[in-house]
Amino acid sequence: MCDEMKRPEWVPSEEEQSDAFTSMVIKGVTQPSPPKSPVRKRSVSIDELTEGVRSDNRTLLAQAITLVESSASKHREKAQPLIGQLLPYTGNSIRIGITGVPGAGKSTFIEAFGTMLCEKGHKVAVLAVDPSSTLTRGSILGDKTRMEQLIHQPNAFVRPSPSGGALGGVNRRTRETMLLCEAAGYDVIIVETVGVGQSEGMVRDMVDFFLLLTLTGAGDELQGMKRGILELTDSILINKADGDNKIRALQTASLYTQMSHLFQPVTEGWTVRINACSALHKEGLEEFWEIVQNFEESTKASGVFERRRSKQKRNWLYSSIREQLEQCFFSNPLMKELLPLYEQEIMEGRQTVTKAVAQLMEHYLNGKESL
Ligand SMILES: Nc1nc2c(ncn2[C@@H]2O[C@H](COP(=O)(O)OP(=O)(O)OP(=O)(O)O)[C@@H](O)[C@H]2O)c(=O)[nH]1
Ligand SMILES: [Mg+2]
């Protein structure tokens, strides 16, 4: 067993582990914070949590999520059987990833789109992947004012980005949180991400459908867009198609549509759909939902939907192994001691990288205690 398995990558503080923290982050959809009391609450059993999640008891669902988000070993020990018990009830949702530059209107869009779906009788869970939120403790937290309408919908569940830890940790927590939400009966899962580093690729690999929300005039031409993003996208929405900007947005959407045959389709048998919308005026949302439904129907009929999900599970296995190995290596006390020395030698040109790696690996695998 490696050292990292004993040492959590992020341990929530007492306050964060408490119900008070849980109900604070999703204020509006949970019970009010319990009064501060020196008497510790009885810990909830795995069976009670399983039941609670299945019946969409918000307090217990939030507690279950806090459990899977924690890396403390005592929490992980409880979280794994919980997920195991809930696994048969997962998978029954459409998972939608949404990305876009800051200011593109993601929060406004999710608020309007999510509310529309709730009104249609869907149960909508909104999760966020924001590696930069390590410092701010969850970007959606700051969005509460913008998601005012959605968080008050009885059918909506909004969860901020898990804070702290490497991208790998965020990856695992978001995937597991998604499974818990599905077991609680949420049939539309929206995963929002800001376009930071690898987070878009990571979200693409956990959702069925990926949307790029963009603007006219921001990066303007298609060539100017981050090429990598287009390769992940099933649909592009040109947002803020209202007021003076409306005609331009519609023109952009039609220009992009004409060029869409140039895009490499990310989903077999599916052509990227490009539309304009106004999240602010709630226009183009119905059309977008139709696109998502068409996508679900056609990919399920062709088997592409299920194949992607299986492949995603396989990728998750391998990425988890890689993350675990990396953590084991870098948290190993001997490696911590040796790495700076090798680093120095390499920087001064006294050692080659290849040789250093070979030697380090040898030390690591043999577990030698000294040079
Ligand atoms: N005119 C117009 N303004 C919009 C529309 N959608 C969003 N906005 C405005 O654009 C600004 C940014 O919107 P947000 O929803 O916060 O954008 P975001 O993508 O979540 O931004 P970050 O959270 O910073 O990544 C806000 O002032 C919104 O009111 C729209 O459809 N039309
Ligand atoms: Mg936002």
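A salt bridge here is a side-chain nitrogen of Lys or Arg within 4 Å of a carboxyl oxygen of Asp or Glu. With that in hand, select Asp56, Arg58 and Lys123, which are linked in a network of salt bridges.

Before moving on, a note on the ground rules. This is a predicted model, in which local features need pLDDT of at least 70 and side-chain atom pairs count only at pLDDT 80 or more, while totals for chains, interfaces and linings use all residues. Residues are numbered from 1 along each chain as its sequence is written, and side-chain values use heavy atoms, with hydrogens and water left out.

The salt-bridge count comes to 14. Next, pick arginine 159 and glutamate 69, whose closest N and O atoms are 3.1 Å apart. Arginine 159 sits in strand E3 (residues 156-159) and glutamate 69 in helix H5 (residues 58-69), so the pair ties together parts 90 residues apart in sequence. Helices (H or I, at least four residues) and strands (E, at least two) are DSSP runs, numbered from the N terminus. Arginine 159 is buried at 3% relative accessible area, and glutamate 69 is buried at 9%; buried means under 20%, exposed over 50% and partly exposed in between, with a 1.4 Å probe and protein chains only.

Now try aspartate 234 and arginine 204, a salt bridge at 2.7 Å, N to O. Both aspartate 234 and arginine 204 are buried.

For contrast, go to lysine 246 and glutamate 283, paired at 3.8 Å between closest N and O atoms. Lysine 246 is partly exposed at 36%, and glutamate 283 is partly exposed at 37%.

Terms used: Chains are lettered from A and ligands numbered from 1 in the order in which they are written.
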